[in-house]
Amino acid sequence: MRTFRRHAVRGMALALFLAAPVVLAQGSAVDEIAKYRAALQDGNPAELWEARGEGLWKQNRGPRNASLEKCDLGLGPGVVKGAYAQLPKYFADADRVMDLETRLVWCMVTLQGFTEADAKKNPYGGPGRKADMEALAAFVTSESRGVKMNVGVAHQKEQEAYRQGERIFYFRGGTHDFACATCHAEDGTRIRLQDLPNLTKTEGAQKAYTTWPAYRVSQGELRSFQWRLYDCFRQQRFPELVFASDASIALTMFLARNANGAAFAAPAIKR
């Protein structure tokens with residue numbers, strides 16, 4: 001019995017010893033991934049989307065052969081610098097709260113003469129297809145780089161959107177009984193080597209929100225924040241999140257408002 005215990009203790013010690021490098025390796029891998037991302041920032045391919053988006057912003061298009069240079073993103077017609085840091089927000093001309101993509105659709109319809117269906121068509125890029133909406137989002141968001149987030153809730157509809165977004169964040173459903181909060185309401189969680197920020201805390205919300213849109217190395221595409229929410233719903237096995245829907249705007253409002261005070265740092269680069 002004594003011999004068995006001695007061998008058991010040695011076996012446990014060996015198991016712990018062998019397990020230790022795995023833990024260390026995981027931590028080391030996370031650090032190396034962070035270094036890799038930092039090294040790529042200087043040559044972030046998102047700049048290609050930014051340049052194309054700027055061209056689309058200035059280009060005469062649509063049935064009215066007009067540009068988006070008179071589009072009001074909240075700071076006045078044509079003012080792009082710093083506009084994204086205050087979105088989503090209430091727009092009186094539309095009488096609704098809008099995020100960036102929703103407002104761009106509005107301007108494409110009212111200024112350029114596109115139908116709403118055409119303006120919303122193919123909002124996400126894929127193999128052999130680049131999305132104009134993602135390019136426009138890259139350009140506009142890049143003009144708020146370094147500007148502190150300052151999303152307000154002074155208007156009643158902004159308050160309603162924030163509360164609705166909070167309800168969506170905590171709502172459990174789908175085949176897996178998941179919620180946004182399932183993955184993003186605790187500290188120190190991850191999927192494989194992917195850290196999952198705690199979006200219920202200011203620091204986590206700031207870190208996550210201010211780094212989207214982002215170029216996804218694994219996909220070779222720049223992805224907007226609308227896409228990020230769409231893909232989260234897909235992973236939760238929820239019904240498809242409709243592009244520029246009230247639900248997507250409300251959830252964006254909740255997360256953007258929680259990121260207030262942090263300097264916007266996107267388009268960034270991610271795995």
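The model is predicted, with local features needing pLDDT of at least 70 and side-chain atom pairs counting only at pLDDT 80 or more, while totals for chains, interfaces and linings use all residues. Residues are numbered from 1 along each chain as its sequence is written, and side-chain values use heavy atoms, without hydrogens and water.

**Stop 1: the cavity**

Select Tyr84, Asp99, Leu100, Glu101, Ala137, Thr141, Tyr209, Pro213, Ser224, Phe225, Gln226 and Thr252, which line the largest cavity. Helix H3 (100-110), helix H5 (132-142) and helix H9 (225-235) each give two or more residues to that lining. Helices here are DSSP runs of H or I with at least four residues, strands are E runs of at least two, and both are numbered from the N terminus. A cavity is a set of points on a 1 Å grid over the protein atoms alone where a 1.4 Å probe fits but cannot get out, and lining residues have an atom within 4 Å of a point. The count is one cavity of 30 Å³ or more, and the largest cavity holds about 60 Å³ of space. Grid points are joined across faces, edges and corners, and the volume is the space filled by probe spheres set on the points.

**Stop 2: aromatic rings**

Now show the aromatic side chains; there are 13 aromatic pairs. Rings of Phe, Tyr and Trp (its six-membered ring) pair if their centres lie within 6.5 Å, and planes under 30 degrees apart count as stacked, over 60 as edge-to-face and the rest as tilted.

Zoom in on Tyr162 and Phe254, a tilted pair at 5.2 Å centre to centre with 55 degrees between the planes. Tyr162 sits in helix H6 (residues 156-170) and Phe254 in helix H10 (residues 246-258), so this pair ties together parts 92 residues apart in sequence. Tyr162 is partly exposed at 21% relative accessibility, whereas Phe254 is buried at 4%. Buried means under 20% relative accessible area, exposed over 50% and partly exposed in between, with a 1.4 Å probe and protein chains only.

Next, pick Phe233 and Phe238, an edge-to-face pair at 5.3 Å centre to centre and 85 degrees between the planes. Both Phe233 and Phe238 are buried. Then select Tyr84, Tyr209, Phe225 and Phe264, which ring pairs link into a cluster.

**Stop 3: along H6**

Select Glu158, Ala161, Gly165, Ile168 and Phe169, the buried residues of H6. Look down the axis of H6: these buried residues fall within an arc of 100 degrees, so they line one face of the helix. The arc is that of the directions from the helix axis to the C-beta atoms.

**Stop 4: backbone details**

Most residues other than glycine have a negative phi, and most peptide bonds are trans. Go to Trp212 and Pro213, joined by a cis peptide bond with omega of about 5 degrees. Pro213 lies in the loop between helix H8 (202-209) and strand E5 (214-216). A cis peptide bond also joins Ala266 and Pro267, with omega about 0 degrees; Pro267 is in the loop between H10 and strand E7 (268-270).

Finish with two residues of positive phi. Asp95, not a glycine, has a phi of about 55 degrees and is found in the loop between strand E1 (89-91) and strand E2 (96-98). Ala244 has a positive phi near 60 degrees, and its place is in the loop between H9 and H10. Asp95 is partly exposed at 40% relative accessibility, while Ala244 is buried at 5%.

How values were computed
On a 1 Å grid over the protein atoms alone, a cavity is a set of points where a 1.4 Å probe fits but cannot get out, and a pocket is an open set with protein on both sides within 12 Å along at least five of seven lines; lining residues have an atom within 4 Å of a point.
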